[in-house]
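Visitor: Please pick one part of this model and take me through it closely. I would like the pairing, the packing and the confidence.

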Amino acid sequence: MANPSSASPASREPQALSSSDGATTARPGERSTPYASNVMRFLESVGISNPIPDNYSSEDFYSDFLCNHLKTDTVRRGHITCFTTVKPTILNSMGGLHGGVIAAISERVAIATARTVVGEDKELFLGELAMSYLSSATINAELIVDGSVVRSGRNTTVVAVEFKMRKTGKLVYSSRATFYNSPIAKL
């Protein structure tokens, strides 16, 4: 009897793909699971099939978009404080600040904070960005974004970024970024 693993990939029967939660996704031509229609309805409700507007695909749109939501307050060696207000354009489908925006703002503030201690003669490479989503910031909430250098050495710089509610001081998000410093090549 032939070993099933020795059969060519083309001769194998298609099988359903399984995810970690036990749900299956059918391959083309197979019957879909009851979850597939629910997932498609959700994706359509959040605009997955809408075309991307032309102004969103312009060069450096991402930076301009973030900078419009982030206002710098103080800059000191090893510390930066910024403010942001949660606007409808950066909400998730649940009405809170979108996690991707939080991570993007965190990365931007961490880079700026690291630059206060790492000289311009070195490039910064983001090696790790760890996020903690502790609570939610809803529409029109004002947040204080504090970036501070935890450690800076010859080869690495670690920056902590905290998002706090401006009115209450409640910590809602935090992150830790590790940067690798390397001299700029002189070719």
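Guide: Strand β3 (residues 71-76) and β4 run antiparallel to each other, with five bridges between them. Strands are DSSP runs of E of at least two residues, helices are runs of H or I of at least four, and both are numbered from the N terminus. Two strands count as paired when DSSP finds at least two bridges between them. This is a predicted model, in which local features need pLDDT of at least 70 and side-chain atom pairs pLDDT 80 or more, while totals for chains, interfaces and linings use all residues. Residues are numbered from 1 along each chain as its sequence is written, and side-chain values use heavy atoms, without hydrogens or water.

Stay with the hairpin. Two residues separate β3 from β4, and G78 in the turn has a positive phi of about 80 degrees. T74 is bridged to T81 in β4. β4 also pairs with β6, again in the antiparallel sense, over seven bridges. There, T84 has L143 of β6 as its bridge partner.

β4 is mostly covered, with six of its seven residues buried. Buried means under 20% relative accessible area, exposed means over 50%, and partly exposed lies in between (1.4 Å probe, protein chains only). The charged end of R166 sits over the ring of F83, 4.1 Å from the ring centre. The test is NZ of Lys or CZ of Arg within 6 Å of the ring centre and within 35 degrees of the ring normal.

Now the core. The largest nonpolar core has 26 residues, and L97, A137, L143, F163 and Y173 touch the most other members. Such a core is a set of buried Ala, Val, Leu, Ile, Met, Phe, Trp, Tyr and Cys residues joined through side-chain atoms within 4.5 Å. At least two residues each come from β4 (79-85), α3 (99-115), β6 (142-152), β7 (156-165) and β8 (171-183). α3 gives the most, with six. Beyond four places in sequence, A137 contacts V86, G95, G96, L97, L143, M165 and Y173. Contact means heavy atoms within 4.5 Å.

Next, the aromatics. The whole structure holds two aromatic pairs. Y133 and Y173 have ring centres 6.1 Å apart and planes at 75 degrees, so they are edge-to-face. Rings of Phe, Tyr and Trp (its six-membered ring) pair if their centres lie within 6.5 Å; planes under 30 degrees apart are stacked, over 60 edge-to-face, the rest tilted. Y133 lies in strand β5 (residues 122-133) and Y173 in β8, 40 residues apart. Y133 is partly exposed, at 45% relative accessibility. Y173 is buried, at 2%. F163 and Y173 are also edge-to-face, with centres 5.7 Å apart and planes at 85 degrees. F163 is in β7 and Y173 in β8, so this pair ties parts ten residues apart in sequence. F163 is buried, at 0% relative accessible area. Y133, F163 and Y173 form one aromatic cluster.

Last, confidence. pLDDT is the predictor's confidence in each residue, from 0 to 100. The chain averages 80, and 73% of the residues score at least 70. Over residues 1-24 pLDDT stays under 50; the model has 18 contacts for them beyond four places in sequence.
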